[in-house]
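This report describes selected features of one structural model.

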Amino acid sequence: MNFLSFFLSRLAKALVVVLGVVILNFFLVRMAPGDPATVLAGEAGAGDEVFVTQLREQFGLDKPVVVQLGRYLAGVAQLDLGYSYRNRLPVLDLILDRLPATFLLMGGAFLFSIVVGVALGVLAARTRYENRRRWLDSTLMSGALLLYATPLFWLSLMAIILFSVVLGWLPAFGMESIGANLTGLDRVLDIARHLVLPTLSLGCFFMAVYVRLTRASMLEVMGMDFVKTARAKGVPARRVIRVHVLRNALLPVITFAGIQLGQMAGGAVLTETVFAWPGIGRLMFDALMQRDYQLLLGIFFMTSVLVVAFNLVTDIVYRLVDPRIAASQGAST
């Protein structure tokens with residue numbers, strides 16, 4: 001199987017998954033209690049039945065569910081995610097306006113977790129394998145276990161109290177200073193300062209997983225025959241770890257990284273809510289409270305597309321890192 005056939009087969013499966021997720025989300029949202037027409041009528045101060053009926057007709061809520069689903073799927077096929085009842089704006093415009101902030105937060109948390117997590121995992125595995133400074137390995141594993149068991153929202157609140165309230169080092173809320181009207185490098189630095197606490201809070205959990213996963217995978221690879229042969233031939237220890245051990249040990253890390261990017265979209269809801277970060281996670285929370293079905297469906301669609309896309313990229317990277325996958329697929333074909 002060549003790379004093009006591999007990519008097309010994965011892409012076809014991804015499209016089927018996205019279609020299934022869109023249909024499932026549509027029915028799940030419709031099953032939730034609450035009527036957006038009633039909510040809008042209450043906010044407008046006109047809760048009579050005639051006004052509610054007019055709102056339902058205006059937004060197509062009076063049609064059968066199957067008809068609503070057909071219209072929604074036709075719109076999604078044209079990248080028309082509908083109209084937000086509450087915000088009086090197209091759903092796609094609202095999502096695209098918030099998406100850069102979420103990508104910035106997810107990207108920062110992902111880079112922090114994978115770089116620091118893999119580095120600490122390699123350090124722990126090396127000290128364990130060489131039987132030197134065993135206390136360092138125990139300390140790293142205990143710290144990783146503690147971070148893994150700590151709830152994300154509690155860690156975020158404690159970070160705000162310590163670094164913002166007590167020490168005053170970092171801003172607690174928002175993406176940039178309100179009313180500062182900064183431009184150029186000053187604005188970049190201001191956004192970076194606001195990004196530190198959300199990034200650390202969201203990335204610490206996944207960093208702990210990477211530390212434990214990298215350490216376990218490296219210790220397993222270090223016990224294999226080809227590593228022992230390389231050491232017996234006199235290859236320096238650093239080269240053995242960098243060339244022979246780390247590349248093979250990173251395979252499960254790459255697999256988890258693809259899953260982690262999808263999980264970060266869910267974790268971003270809590271993080272963005274606690275830190276008032278203007279991303280799609282906060283937008284999702286507001287849409288849920290306001291019973292804005294179209295906006296909820298649009299956010300669910302966008303996040304499902306992102307998760308499937310991340311998994312597709314993971315499959316491609318996995319194939320490039322491990323040539324044995326391409327060889328085995330070619331042999332089976």
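## The second largest pocket

Ala, Val, Leu, Ile, Met, Phe, Trp, Tyr, Cys and Pro count as nonpolar, Asp, Glu, Lys and Arg as charged, and the others, Gly among them, as polar. In this predicted model, the lining of the second largest pocket divides on that basis into 11 nonpolar residues, 2 polar residues and no charged residues.

The second largest pocket holds about 190 Å³ of space. Elements that contribute two or more residues to its lining are α5 (91-129), α10 and α12 (293-321). Helix α10 supplies the largest share, 6 residues. Of the 13 lining residues, Phe110, Ile114, Ile254, Ala257 and Val317 lie nearest the centre of the pocket.

## The nonpolar surface patch

A nonpolar patch on the surface has about 1100 Å² of accessible area in total, and its members include Phe153, Trp154, Trp169 and Leu270. Helix α7 (residues 152-166) gives the most to this patch, with 8 residues.

Met158, another member of the patch, is placed in helix α7. Met158 counts as partly exposed because its relative accessible area is 31%, a value between the limits of 20% for buried and 50% for exposed.

The loop between α10 (237-274) and α11 (280-289) contains Ala276. Most residues other than glycine have a negative phi. In Ala276, by contrast, phi is positive, near 50°. Ala276 has a relative accessibility of 31% and therefore counts as partly exposed.

How values were computed. Residues numbered from 1 in each chain as written. Predicted model: local features only at pLDDT ≥ 70, side-chain atom pairs only at ≥ 80, totals over all residues. Heavy atoms only, no water. Helix = DSSP H or I, 4+ residues; strand = E, 2+ residues; numbered from the N terminus. Buried < 20%, exposed > 50% of the residue type's maximum accessible area, 1.4 Å probe, protein only. 1 Å grid on protein atoms, 1.4 Å probe; cavity = no way out; pocket = protein on both sides within 12 Å on 5 of 7 lines; lining within 4 Å. Points joined across faces, edges and corners; volume = space filled by probe spheres on them. Patch = residues over 30% accessible without salt bridge, like charges linked within 9 Å, V, L, I, M, F, W, Y side chains within 5 Å. Areas by Shrake-Rupley, 256 points an atom, 1.4 Å probe, with all protein chains shown as cover. Salt bridge = Lys/Arg side-chain N within 4 Å of Asp/Glu carboxyl O.
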